[in-house]
Amino acid sequence: MSAGTPPLPEPPKPQAKALNCPKCGAAIALRCFGQAETVVCGSCHSILDAKDPNLAILQQFEAATRDDKPLIPLGTRGKLRGTDYEVIGFQRRHSKVEGISYYWHEYLLFNPYKGFRYLSEYNGHWNDISVCKQLPMAEASSANYLGEIYKHFQTSDANTDFVLGEFPWQVRVGEHAVVTDFIHPPRVLSSEKLDKEVTWSIGEYMYGREIWDAFKLPDRPPEATGVYENQPSSVTTNLTSIWIAFAAFAIFLLAFMAGFDLLSKKDPVLHETYQLNRANAKNEASFVTDVFELTGHTSNVQVKTYAPVSNHWVYFNYALINQDTGQAWDFGREVSYYYGYDSDGSWNEGKQKDTIVIPSVPSGHYYLRIEPEADPSLPGIPYTVDVTRDVPVFEIYGIAFVALLLPVLFISWRAYTFERSRWSESDHAPTPILQTQSSEDDS
Amino acid sequence: MFRKFYLLYGFLTLGTAAFGQYRGWSLDTINQLKNVPKSVRDNPGSYRSVYSGYHHYTGGK
C-alpha cells in the first residue's frame, strides 16, 4: 500500500446539454452551459437565445446559399498551448476595402476552467487570440501593451455574415464593428468597437500545421498565401544581428590584412637592370638570371618590371624555373605607355611598370628566363626586374569582403520585400517602386 | 537558421582568406609547367615560352 496522498479526483467531464431548435426541430447541443448567450442551429441557421429555456429565435438568416464549412468542425477538441479546448462557435466576417471584400473566419474555443479564446484564419494564416488582461494605451499611430510598442496597421469595418454554434455574446448576422489592428510580429493587438463597447484582444501568429497538430485534423492545412499583417519573418528578425556579424567579420578582415602585411617577409631576392638592344636583334634574345633562393613556406613571388617606354611597347616572356625540380611558371608581361594630344585634349594610356604575383611557389633555388621583345621602332631601352618573395595580396581581402557582404545584401533585400508586402496591405502602404520612378521621371 | 549559416559561412570565408594569404594565393593567371630540362640554364634559347607570338598592342588613340 502506498503511504502517499491519494490522487485528486479528475474533474467531471463536461456533458453537452441537448435541446431542440424551435424552428426546425433539429437537435442542438449546448457545450458551454450557462456562458452561452446565443446558439445557432446547425440545420436551419436560426440564431437562438441560449438564456431562454425555450430557445427563442433571435434572428433567422438565409445561410443555405452562403453556407461556409468550418475547417475545424464544431465539437472538435484539441490541446492548444498546453490547454484542452473545444471548438464551439464559428463565424465568417468580411471587411470591404476599395470595393473589394476580404473574408476571414473566426473559431470560438472553450475550456470550462480557462474560458474562451479564438482562432482566426485568413488565406491560410492563423492567429491565436485572447482578450487582453490589461487595457492597452493606444494612440493613432501606435499602442503600448505590457511595455511592448505596436504599430498601427489598419482600421476597417468588420461585418459578420455567417455564424454557427454558440457565442458568449449576442451575435447577429450583419453585425458591424470597427476593427483597429496594431502589430508587433508575431503579435497583433486589436480593438473592436461595437456600438459604444470596445474590446481589446491580443493575437499571436500560428502556422496551419500547428493548428492541425493541436486538433489532430486530417489532411493538410490550406496553403498560406501572401504575407499576413503579423506574420513573423526569421529574415527580418535576425537582420540586425546579421549586419552586426558582418561588421565583426569586416573588422576581423581588416585585422588579418594589417597582420599579414606586417608578417609578410617581402624579401627582395633579385634586383637587376638589363639593356634591350635592337642592334643585337639577330642574336638570341633570351637569357637567364643568376640563381636566387626562395626560402620559407610555400608562398607567392612578385615580379616587377620597369621600362621607361614612351609611345612604345616592350614585351617580356618570363619563366620562373626551379633549378632542382624543373618546375616552371611561364607568363608574359607587356610594358607600354602611350600619350598624345587630340581634339579632346591630352590623353595617355598604359604604364611604364608592371607587376605580377606568382601564386604558391615552394621554397628552393630558382632563376628567371627572360626573353624580351620590343616595338621594331624602338632602338633600345634599359629595363629593371625586381623579384620579391612573400608579398601581401590585397585582392584576397577584397574578394572576402564581397563574399561576406553579398549574403547580407541578399537577406536585406528579402527582408525589405517581405516587409513591403506586409505593409502594402495596411493603411500605410508604401509607394509602389514603379510609381516612384515614374514620378521622378515626370519631375 | 540563416544567422547560424552566416556565422559559419563568415568564419569559413575568413579562414579561406587567411589560408590563401599564408599560402600566397594570387589572382594572376600563370601557366605551370613541369620537367623543364636543366639545359635551359645553359641554352636559354632551347626553351620557348607559351606566350611567344603574342599580338602586341601598338597604342594610340
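A salt bridge is taken here as a side-chain nitrogen of Lys or Arg within 4 Å of a carboxyl oxygen of Asp or Glu. This is a predicted model in which local features need pLDDT of at least 70 and side-chain atom pairs count only at pLDDT 80 or more, while totals for chains, interfaces and linings use all residues. Residues are numbered from 1 along each chain as its sequence is written, chains are lettered from A and ligands numbered from 1 in the order in which they are written, and side-chain values use heavy atoms, with hydrogens and water left out.

**View 1. Salt-bridge network of R81(A), R117(A) and D128(A).** Salt bridges link these three residues in a network. Within it, the side chains of R117(A) and D128(A) meet at 2.8 Å, N to O. The pair links distant parts of the chain, 11 residues apart: R117(A) is in strand β9 (residues 115–122) and D128(A) in strand β10 (residues 125–131) of chain A. Strands (E, at least two residues) and helices (H or I, at least four) are DSSP runs numbered from the N terminus. Buried means under 20% relative accessible area, exposed over 50%, and partly exposed in between (1.4 Å probe, protein chains only). R117(A) counts as buried because its relative accessibility is 17%, and D128(A) counts as buried because its value is 3%.

View 2. The structure holds 11 salt bridges over all chains. In one of them, E86(A) and R77(A) meet through their side chains at 3.2 Å, N to O. E86(A) counts as buried at 11% relative accessibility, whereas R77(A), at 49%, counts as partly exposed. The side chains of R369(A) and E371(A) form another salt bridge, at 2.9 Å, N to O, and both residues are buried.

**View 3. Nonpolar core around I72(A).** A nonpolar core is a set of buried Ala, Val, Leu, Ile, Met, Phe, Trp, Tyr and Cys residues joined through side-chain atoms within 4.5 Å. The largest has 41 residues, and those with the most contacts inside it are I72(A), L119(A), W126(A), I211(A) and F215(A). A second, separate core of 30 residues includes V301(A), V309(A), I356(A) and V387(A). Contact means heavy atoms within 4.5 Å. Leaving aside residues up to four places away in sequence, I72(A) touches V87(A), Y107(A), L119(A), W126(A), I211(A), F215(A) and L217(A).

View 4. W243(A), F401(A), V402(A), L406(A) and L409(A) make a nonpolar surface patch of about 440 Å². Patches are made of residues with over 30% relative accessible area and no salt bridge; like charges are joined within 9 Å, and nonpolar side chains (Val, Leu, Ile, Met, Phe, Trp, Tyr) within 5 Å. Accessible areas come from the Shrake-Rupley method with a 1.4 Å probe, and for residues only the protein chains shown count as cover. Helix α3 (residues 394–424) of chain A gives the largest share of the patch, four residues. L409(A) lies in this helix and counts as partly exposed at 42% relative accessibility.

View 5. Most residues other than glycine have a negative phi, and most peptide bonds are trans. P185(A) and P186(A) are joined by a cis peptide bond with omega of about 10°. P186(A) is placed in the loop between β14 (176–184) and β15 (187–194) of chain A. K216(A) has a positive phi, near 50°, and is found in the loop between α1 (208–215) and α2 (234–263) of chain A. K216(A) is exposed, with a relative accessible area of 73%. S360(A) has a positive phi of about 45° and lies in strand β24 (residues 353–361) of chain A. S360(A) is partly exposed at 24%.
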